[in-house]
Amino acid sequence: MLASMNIALVSSHGCRGLTTSLSLLRTLAATRASPNAASCGNYFAPRRSLSSKSSAFPRESSITDVTVTKTATNSAENGYPQYHRLLPCPLFNEPPRVEHMVVLEGGPVMEYICKSLDLPPLYVADLIHFGAVYYALVCPQPPQTATPEQIRLFKKFTEPSFLKGRRSIKGKTVREAQKTFRITHIDEFVEVGTYLRVHVHPKRFPRCYEIDWKSRIIAVTESYVVLDKPAGTSVGGTTDNIEESCATFATRALGLTSPLWTTHQIDNCTEGCVILARTKEYCSIFHRKIREKKVMKLYLALAAAPVPMGIITHYMRPINMAPRLVSKDCIDGWNLCQLEVLECREVSWPDADIEAKYCIEDCGWPLKKKAYECKINLLTGRTHQIRAQLADCGAPLVGDSMYMPAAVAEMASPGLNPFGKCKKEYMSEEDKGIAVAEWIALHGKEPAVAIGLQAYEISWDSGKHIYNAGTPWWKQEQL
């Protein structure tokens, strides 16, 4: 059997509660960092030492976290499901499984992964097609939690005497050689010492297969396509899945020979206008328009409580992980967040049938008779900005299972939010750190499909180009 040094398994993240220990919260925060930091956690842990059934964190279930096809039994010795193909897209998820390896015997990448991880060739081919396999010429730096033996293994494959013999890294610094790139072909050759990261359970988007994509096309020009993005889909894909994306499915629906380019993002759980460039050149042009603030985005938000009119200002913690924490006080280093509420009118809370159709989650809001539809001009474009700002105002979005639970908790016990208007004074930075971790723990998971948010209008060049989305999901029953 082919020898391999499998040097990590990142386990699944899971539900969090107020009583979760600070150390566990910090570990959880590390595993939920940016996808490019997938080497965190038990970076050098032996591959079979931690199975998906013995995860350090409880399993979460959501339709947007679906993974490989689940067989009748999980009879494999390592506790993983039986692997076949990534399609058809499943409706149930397995915990994330990310494998980190250093190649000990050069050869075709698919063959090496199959033998090292005991995976079927067709399954590995699917992973590569989905963009779920990465490589770096040199193994990245292990985390501080690595053991002495794990550090020794890392040093073995990064010591100068070993690296001098590798032609592929000549002329590169070690940092340059540690940059990760996607494997794009099953027969790519990987040499000894190459680092591989395999996302065995890529995040899945079953909604992609339920949508009539042609009906979601708003406009097609020589330079761009305007898409009315459905909720529960990704604009350009994720770190481990670029196949099940709006860009890919819109390209196929239009019969285009060249793939569409992502020019900007909206959350997976948000629906509405998205601009997809037809060329790399126009993608750069549109990016420049965004940087120069020539693009205007208007949103419809369905809030659980009334929102004050006018400009709302917050500052967002500059940490690239959810939930996004905001404060109305200016905090050094935090990013300015501004939106303008143009309208706010009372409407009926969506009925049970429409909530079921769009998998709207019950997040504990006490009164569900009235909601408030707000027209919002997004002045700055931070991730989760509208969701985080309105939640801090006591008006979380309908169905927002990440931010509404924390808003409900703050309403019940003012002062839980260490950055809120009822924030407490802390005796030390350590005490405040514990309060921040507990506040993060009160937030829930990412919504399964939809929340009350639609990017209903996008325009640029002073209104020369203007496009509108269709009827938002919460008004569908009125048609």
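**Close-up views of a predicted model**

**View 1. Surroundings of Ile 376.** Leaving out neighbours within four places in sequence, Ile 376 is in contact (heavy atoms within 4.5 Å) with Lys 297, Leu 298, Tyr 299, Ala 301, Leu 339, Glu 340, Val 341, Ile 386 and Leu 390. The model is predicted: local features need pLDDT of at least 70, side-chain atom pairs count only at pLDDT 80 or more, and totals for chains, interfaces and linings use all residues. Residues are numbered from 1 along each chain as its sequence is written, and side-chain values use heavy atoms, with hydrogens and water left out.

View 2. A nonpolar core is a set of buried (under 20% relative accessible area, 1.4 Å probe, protein chains only) Ala, Val, Leu, Ile, Met, Phe, Trp, Tyr and Cys residues joined through side-chain atoms within 4.5 Å. Ile 376 and Ile 386 have the most contacts inside the largest such core, which has 58 residues. Strand S12 (residues 295-303) supplies the largest share of this core, six residues; strands (E, at least two residues) are DSSP runs, numbered from the N terminus. Met 101, Ile 128, Val 133 and Ile 183 are among the members of a second, separate core of 25 residues.

**View 3. Strand S2 and its partner S7.** In strand S2 (residues 98-102), five of five residues are buried. Val 98, His 100 and Val 102 point one way, while Glu 99 and Met 101 point the other way. S2 runs antiparallel to strand S7 (residues 195-199), and five bridges join them. Leu 196 in S7 is the bridge partner of Met 101.

Methods:
Buried means under 20% relative accessible area, exposed over 50%, partly exposed in between (1.4 Å probe, protein chains only). Helices (H or I, at least four residues) and strands (E, at least two) are DSSP runs, numbered from the N terminus. Two strands pair if DSSP finds at least two bridges between them.
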